[in-house]
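Me: I would like to learn how to read helix packing, interfaces and salt bridges in a model. Could you take me through them with an example?

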Amino acid sequence: MKQGIIFNIQKYSVHDGPGIRTTVFLKGCPLRCKWCHNPEGLSCGPELVVFQTRCVGCGMCVRACPTGAVSLSRNTSVRISVTDRAKCTVCGRCAGVCPTQAREVAGTPTTPDWVMEQVLKDRIFYEQSGGGVTFSGGEPLMQPGFLLELLKRCKAEGLHTAVDTSGYVPWDSLEQTAPLTDLFLYDIKLMDSIRHLEYTGVSNQPILDNLERLSRAHNAVIARIPVIPGVNDDAGNIEATGQFLAGLGIMKASILPYHNIGSDKYARLGKRYALKHIERPSDEAIWRLKDRLEGFGLAVKIGG
Amino acid sequence: MSAMTGRVSRLRTQTVEAVPTISMERAQLVTQVYKQYEGKVSTPVLCALAFKELMEKKHIYIGEDELIVGERGPAPKATPTYPEVCCHTLEDLEVIDGREKVFFKVGPAEKAIQENEIMPFWKERSMRHKIFSQMTDEWKDCYEAGLFTEFMEQRAPGHTVADGKIYQQGFLGFKQDIEEALAKSDFIDDPEALDKSEQLKAMSICCDAIIRYAERHAEKALELADKETNPERKQELLKIAELCRHVPAHAPRTFHEAIQMYWFVHIGVITELNTWDSFSPGRLDQHLYPFYKKEIEAGTLTRDQAKELLQCLWVKFHNHPAPPKVGITLEESGTYTDFAAINTGGLNVDGQDGVNEVTYLILDVVDEMRLVQPSANIQLSQKNPDKFLKRALEIVRKGWGQPSIFNADMVVQELLAQGKSIEDARTAGTSGCVEAGSFGKEAYILTGYFNLTKVLEITLNNGIDPRTGKKLGLETGNPADFESFEELMEAFRKQVRHFIDIKIRGNHAIEKLWARYMPAPFLSILISDCIAKGKDYNAGGARYNTRYIQGVGIGSITDSLSAIKYHVYERKTTSMRELLQALRSNFQGYELMRQSLINHTPKYGNDDDFADDIMKQVFDIYYTSVNGRKSPTGATYRINMLPTTCHVYFGSVIGATPDGRLAGRPLSEGISPVQGADRNGPTAVIKSCSKMDHARTGGALLNQKFNPRLLEGQEGIDNLAHLVRAYFRLGGHHIQFNVISADTLRDAQKRPEEYRNLIVRVAGYSDYFCDLTKALQDEIIARTEHASF
């Protein structure tokens, strides 16, 4: 059976498509957006997540670690565990013994059976609300076989399916999922190719090309536009986005105002957060932006 | 929606700002009657004469601006005492006066009256005295240990609700019914004929008394009208006088009269005795709709006028705090709220959608008044429109706790399972906290809370209460010797049965004492079939008679048992001996074990069958120990699952528990998961809770905390509506929502362990609040403070 790697299952998800949904987060992403709020979804393999605030310094993780990657800090006033990620093999033993759940492994290999068991628990809520299942990430199409299997099973159960994608994927995979996907949530970040490369690590050309093809092959696509102040909220980018979408006949968009809640996650992964200086956009700015997009005939929602 | 009128706004301010005080007027009047008549007349007649004296002599209050009249005391929130039920000591009065919460100011004159007039007569005559002197040492030990509480030791049984009969017939009509029943007395073949006739005579006296009470209001209104210089108010007072000459003697003719009719009845019930849950109009929208419709069509009433009258009624409810409680009764119900319930929606008698224009009017009133009482709820049937549910949710979203939401179809199912007729089930509803009852036809008496988790603690100590060292339970064996989880459950089952038996033995004696010494002839007029049977409400006169024992802490006990099963018997991460040692030492020196129990145990509230199956086992044990047992007056025992504030008291008498809870901390409330244990969101909570068979209860309370961000916009309301509908499809009885406030978040900063489930969500982003850095937490608190709808 095909196995996949997921890093979260979010129930009562109400911002990722219609109704009450369960969102399954598949691990791995080809983009490296500087504002990413799910940094634990970027790499393809399991990752160690350390919640320093939960650590009580008991040292059980130190004893459990087979490679000597974990030690107790002597530099801080309270004893807490520190991890040398160079030595860590993400075996997960420290997470298994940690009494306070200060250590977790993000990304466990799972079977479609297990995922479906979780997803089907909330069937009554989907049926009541016109909701369903959303596959997000990461980039769910980084695991095309696994995703396809899950989509097939969801359709066999009569569930509404949504795929939240960056679009930076081979067209083939997108094309294969299309018949099994009721709704695509398709991220459009920056229209300028150079700036796109600068802020996400990849060119936007495949993304735009794929969207163009998808718009012809599928009739339910909602564009999702994260609004990152100083990065993509300028009139030029917004106008270009609106024009592009309207040109493809994609008449629905969601704007997702930047928020820094995700910033804490970086430290837990031993990573640095690049956008520390950015503030959440003001409500007025978001409304102006919404107006601008609506000028192209788009129906625009704030939030997912 | 138009704003509150000046009148309503002034009345509202007055009732919110009024300081609760103790009035000795009632105690003095009742004492005089008992001194004069005790031993000379039958007990029901004695009680009726006391009621008559109150109705004829008590101070009549008609406040400025009032359109609905009648106060229990001499002024708003002036609260009487009921010495025949509970004779307060001077120390009690000091406590009542001085306590920080739920106080009533008591003046020196009141204290002197208590000491010189009331105490000498009532000290050894009160129901409380009678009850405690009848209780066995075994019962007292368990009561003091906090195994259960006793509802009737200082308040009267009541727990009931009016139906529509008072809108069809006045008290002259009821009196005629009583006289007819009296005329049918069969002194040859009916051995109870004398008791019945005395009861009926008492009811007849009460009919006259309540009519006289209203007439006195008419007289007072005329007197005030005479002196009134404002012509508008003069007209109002004249109208009040006219109204009070018509109701409650006759059936009401108008919307205004219908409300006044109810209110006189309400005052009658809560003056006669200090009934639990005061009294309630029940399905108010159903009752008032015919009057509303007729008058709107005739052009004699506008929607705004109708709303103002309802708002005046709301103020009246709010003027009447629950009579002062002391001791454990205060602990289990520490609130001014007296649980008068307003039911809206549901089904009408022929099973059709019961929502009407008055339903929406009442919801507008609830929204505008924002008063803690009366306690409004909606009865939601699958036949009711979403418009109704969504209007209620708009109010819920504002975050002050009302209205709560009940599953009307499940209430019908519960009542049918208890043997009620389909009509009596459809015209029923919920009152008190969440109790299902057949309105106007049933005595459904809550007899006390039962501490399931305490029973586990005693089971784990082989029958001994570790707090006192007293042996209260059975010797079911040293749990360290139990070889399986099943052995532990069997021991627990025996202990539950043992303590339920003790509770019920006490209940039986208490029920007989109430039936014998403290009838409620006025209330008996209102509840079918007391007149037809010639039997008092407190003696089994109602058509249906139910006794509840309310189970508390299902979440705490489930998680505790789950921890034992998982860690001791399955994973063997610890031994029973070591776990018991840890509990005895309140986890001192066992913090890592405690963390592991908290974080690595399957918990109730996560849609995890490991834990939820244990919940079902505990529920079954409790159900089979209680359900179906008979009381001396012929009532049937049932269970429900609700706590009021008792989970705090019950927690205070229990040491550390295997779920990682520290000694003395509160238990879980209702059927909600343990605070912080549910980590998979509201759908998982709902799935877990609905694995309990609500149809076999008389009500189960679910409190769901909600992040305001999830409720924003029309979508927020829509999804909440879906959540409620789904819960009810799964057979849930009740749900209420607490919108998480900035204060809650601040509390979570201080005590993160109880808020581990608190998720902060913005579109697309989510995280556990307690895992965020202080700076981010502060930012979210600031934003929550500014969230508005």
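Predicted model: local features only at pLDDT ≥ 70, side-chain atom pairs only at ≥ 80, totals over all residues.

Me: How are α11(B) and α12(B) oriented to each other, and why?

Reply: Two packed helices are described by the angle between their axes and the distance between the axes. Axes here are lines fitted to C-alpha atoms, for helices over the stretch in contact, and angles run from 0 to 180 degrees between N-to-C directions. Helices (H or I, at least four residues) and strands (E, at least two) are DSSP runs, numbered from the N terminus. In chain B, helix α11 (residues 255–272) packs on helix α12 (residues 284–298) at about 160 degrees, with the axes 8 Å apart. The two helices α11(B) and α12(B) are therefore roughly antiparallel to each other.

Me: Which residues make the contact of α11(B) with α12(B)?

Reply: Contact means heavy atoms within 4.5 Å. From α11(B) come B:Phe255, B:His256, B:Ala258 and B:Ile259, and from α12(B) come B:Leu288, B:Phe291, B:Tyr292 and B:Glu295. In this contact, six residues are nonpolar, one is polar and one is charged. For these classes, Ala, Val, Leu, Ile, Met, Phe, Trp, Tyr, Cys and Pro count as nonpolar, Asp, Glu, Lys and Arg as charged, and the others, Gly among them, as polar.

Me: What about α11(B) and α13(B): parallel or antiparallel?

Reply: Their axes come within 10 Å and cross at roughly 10 degrees, so α11(B) and α13(B) are roughly parallel to each other. Among the residues in this contact are B:Tyr262 and B:Trp263 of α11(B) and B:Leu309 and B:Lys316 of α13(B). The class count is nine nonpolar, two polar and one charged.

Me: What does B:Lys316 form a salt bridge with?

Reply: Side chains of opposite charge can pair when their charged atoms come close. The rule for a salt bridge is a side-chain nitrogen of Lys or Arg within 4 Å of a carboxyl oxygen of Asp or Glu. B:Lys316 pairs in this way with B:Glu71, with the closest N and O atoms 3.0 Å apart. B:Glu71 sits in the loop between α3 (43–57) and β2 (78–80) of chain B and B:Lys316 in helix α13 (residues 303–318), so the pair ties together parts that are 245 residues apart in sequence. Over all chains, the rule gives 73 salt bridges.

Me: How much area do chain A and chain B bury between them?

Reply: The size of an interface is often given as the accessible area lost when the parts come together. Buried area is the accessible area (1.4 Å probe) that two parts lose on being put together, summed over both. Chain A and chain B bury about 3,800 Å², 53% of it on carbon and sulfur atoms. On the chain A side, A:Tyr12, A:Gln128 and A:Ile261 lose the most area to chain B, together 20% of what that side buries. In contacts, 41 residues of chain A meet 41 residues of chain B.

Me: How many salt bridges cross this interface?

Reply: The rule finds two between chain A and chain B. B:Arg729 and A:Glu127 meet in a salt bridge at 3.9 Å, N to O.

Note on methods:
Residues numbered from 1 in each chain as written. Chains lettered and ligands numbered in written order. Heavy atoms only, no water. Parallel < 35°, antiparallel > 145°, perpendicular 65-115°, else oblique.
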